[in-house]
Structures are given as C-alpha cells and as structure tokens.
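Please have the sequence and the three-dimensional view to hand while reading.

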Amino acid sequence: MFNLVDLKDKKILVVGASQGIGEQIAITLSRLGAQIVLASRNEEKLKNVLQKLEGEVDHQYVCIDIKELDQIEKFIKEIVNKIGSLDGMVYCVGITSDRPLSMSNISAVTEVLQVNLQGFIEMVRCVTKKGNYNMGMRIVGISSTSSLRGGKAHTAYSASKAGMNGAIRSMAVELAEKGICINSVAPAAIRTEMYEKYANGVGKSGATNKLKRQYLGIGVPEDVANAVAFLISPAARLITGVCLPVDGGYLSN
Ligand SMILES: NC(=O)c1ccc[n+]([C@@H]2O[C@H](COP(=O)([O-])OP(=O)(O)OC[C@H]3O[C@@H](n4cnc5c(N)ncnc54)[C@H](OP(=O)(O)O)[C@@H]3O)[C@@H](O)[C@H]2O)c1
C-alpha cells in the first residue's frame, strides 16, 4: 500500500526524546520505518524509550546536556561515526522559566535562551556540515504558540521560541543550497509533564481560560508527532522556512 510518509532507511536524530512530545515523535518515526538516535540528559529514561521503538533497525541513544554548547559538534561527529550521515533531526528540547518580568533575572533568561534557542542553532550548524547529512535532509524544531502570542510570565520562553522561528526563516534560505528543508511546529497546550507544571503554576482558572481558545481541546503528543512525521518525510519536499501551528484553533482569532 502507498505510504506518503515512508521513512524506511532514514536515520533521524531526536533531541529531547526522553519523555513527552519528543518520546512520542521518536516512537512515531520508528513506526514509519526510521532508524532513531534518541538524545537528552537522562540515560535511564532514554533506555526506557529505546524499548518502545519499533522496527527491525538498530536504534541508539546518546546522552547530552545541551547547555554544554561547545560539546555539540563532538556529539554529532560521534553519532555520524557510529551510524553514518543523518537524514533528519528533530529538536524537542525545551525548558520554561515562568516568572513575571519584575522577578526575571539574567541567569534565568540566559538559561532558557541557551537551551531552547542557541542549542538548536548550534545543532543545526553541526548536522548540516559536509559529511554529516544526506541529500534531502529535513530538520524540524519544536517551537510553541507562545512564539506568536504573548502571555503573562512568558517573556524568556516566548523570546526563545520566536527566536527559533526567526532563525529557521534565515537558515532555510542558506540550507536550500544544500537541498535541506527546515521548519518548526508550534504546539499549543499538549498534555505532558511540562504542561502539567504550567497548569499547576497558573492555577485551574488560568489554564481553563487558555484552553477555552484551544477550540479542538487539549492536545496529546501524537498530535505533534504526526505533524512532525509529515514535515520530516520526503513528501514535504517543497516546504521550508515555515512554522506549522498544531493548536486546535488557538491562533485562529
Ligand atoms: N507540552 C506543551 O504543552 C508544549 C506546548 C508548546 C511547546 N512545547 C515544546 O515542546 C517541546 C517538548 O515539550 P514537552 O512538553 O514534551 O516537555 P518535557 O516533557 O519537559 O520534555 C522536555 C525534553 O527536553 C529534554 N531536555 C531538557 N533540558 C535539556 C538539556 N539541557 N539537554 C538535553 N535535553 C534536555 C528533556 O530530557 P532530559 O531531562 O532527559 O534531559 C526532555 O526530553 C519543548 O520544546 C516545549 O517547549 C510543549
């Protein structure tokens, strides 16, 4: 049967794959035939996700703390030496620092920008170096609707995700010369540990008010994984530099 998003023989690195959205992305892409390299800091969690991956291919995991930006180049080299050049990279790493502007401080903002934005840019720079990627490579960053709509106590997080969208538009222009497509997906509320922490922080009424505008209801990690599967597949050949909301209508008014 014809499969529009056939990922057989594709080697895809999923960074931030130990839980939540990244975990589901890795599982979905493996179901579609890809060989997956899982990455994040927590080895135990990565081993657990590795057990859930499907297919007859040799999936791997590698530990990395994205805050160590100068280690990313070596990290990519090690992966490529082990399994060969990559066909895709999904960047799901994300942290929040939900605090009002008056309570913000330089180190909190720096940490969010480092992990959510600088880590992404450095990862893209390294995976797109000669020898590290195959022709037709696809890159997807997990952004957020917070990149496009403001909210209380979200300054650093919104800036990091808007930065990702902006960086992608410029990188798309440069990477087109190499035949590489790069896009982001912007989820609204998706039921994961990160969302539960946010909802506990803003209280029931705050979370409910936000969800009222998410007309199709709260999302699950599969909703994001399905969008990523399409963008990372050969079927998305002519799509680059865009941010695709997966938001149940949240941004529609
Ligand atoms: N859930 C939502 O409602 C929602 C909405 C919009 C956007 N998003 C975005 O979607 C992405 C995934 O969110 P989620 O809800 O699945 O979050 P999550 O459950 O908190 O997962 C975050 C992932 O990032 C990894 N990570 C965090 N810091 C890291 C570091 N310094 N180095 C390497 N890996 C690191 C974590 O792994 P380790 O702890 O093992 O390192 C984990 O795998 C994030 O970028 C988030 O901003 C989520």
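This is a predicted model: local features need pLDDT of at least 70, side-chain atom pairs count only at pLDDT 80 or more; totals for chains, interfaces and linings use all residues.

Strands β1 and β4 run parallel and are joined by four bridges. In this pairing, V15 stands opposite Y91 of β4.

**Confidence of the model**
- The mean pLDDT of the protein chain is 96, and 100% of the residues score at least 70.
- Among the elements of the chain, β1 has the highest mean pLDDT, at 99, while helix α6 (residues 193-212) has the lowest, at 85.

**The sheet**
- Seven strands form an open sheet with parallel pairing, in the order β3-β2-β1-β4-β5-β6-β7.
- Its edge strands are β3 (60-63) and β7 (243-246), each of which pairs on one side only.
- On average, neighbouring strands of the sheet are turned by 20° against each other, with direction ignored.
- In general, the strands of a sheet pair through backbone hydrogen bonds, in either a parallel or an antiparallel manner.

**Helices α2 and α3 across the sheet**
- Helix α2 (residues 43-52) lies across β2 (35-40) and β3, and runs at about 165° to β3.
- Helix α3 lies across β1, β2, β3 and β4, and its angle to β3 is about 160°.

**Helix α4**
- Helix α4 comprises 22 residues (106-127) and reaches 30 Å from its first C-alpha to its last, close to the 32 Å expected at 1.5 Å a residue.
- A kink of about 40° occurs in α4, centred on Q114.
- The buried residues of α4 are V112, V115, N116, L117, G119, F120, M123, V124 and V127.
- In general, residues three or four places apart in an α-helix point the same way, because there are 3.6 residues a turn.
- Among the strands, the buried residues of α4 pack against β1 (11-15), β4 (86-91), β5 (133-142) and β6 (181-187).
- Among the helices, these buried residues pack against α3 (72-83) and α5 (155-176).

**Loop residue L238**
- L238 is located in the loop between α7 (221-232) and β7.
- Is L238 buried or exposed? L238 counts as exposed because it has 6 C-beta neighbours inside 10 Å, and the cut-off for an exposed residue is 12 or fewer.
- L238 and L86 are 152 residues apart along the chain, and their C-alpha atoms are separated by 19 Å.

Note on methods
Residues are numbered from 1 along each chain as its sequence is written. Helices (H or I, at least four residues) and strands (E, at least two) are DSSP runs, numbered from the N terminus. The expected span of a helix is 1.5 Å times one less than its number of residues. The bend at a residue is the angle between axes fitted to the seven residues ending there and the seven starting there. A residue is buried if 20 or more other C-beta atoms lie within 10 Å of its own, exposed if 12 or fewer, and partly exposed in between; C-beta atoms are placed from the backbone. Two residues are in contact if their C-beta atoms, placed from the backbone, lie within 7 Å. Two strands pair if DSSP finds at least two bridges between them. Axes are lines fitted to C-alpha atoms, for helices over the stretch in contact, and angles run from 0 to 180 degrees between N-to-C directions. pLDDT is the predictor's confidence in each residue, from 0 to 100.
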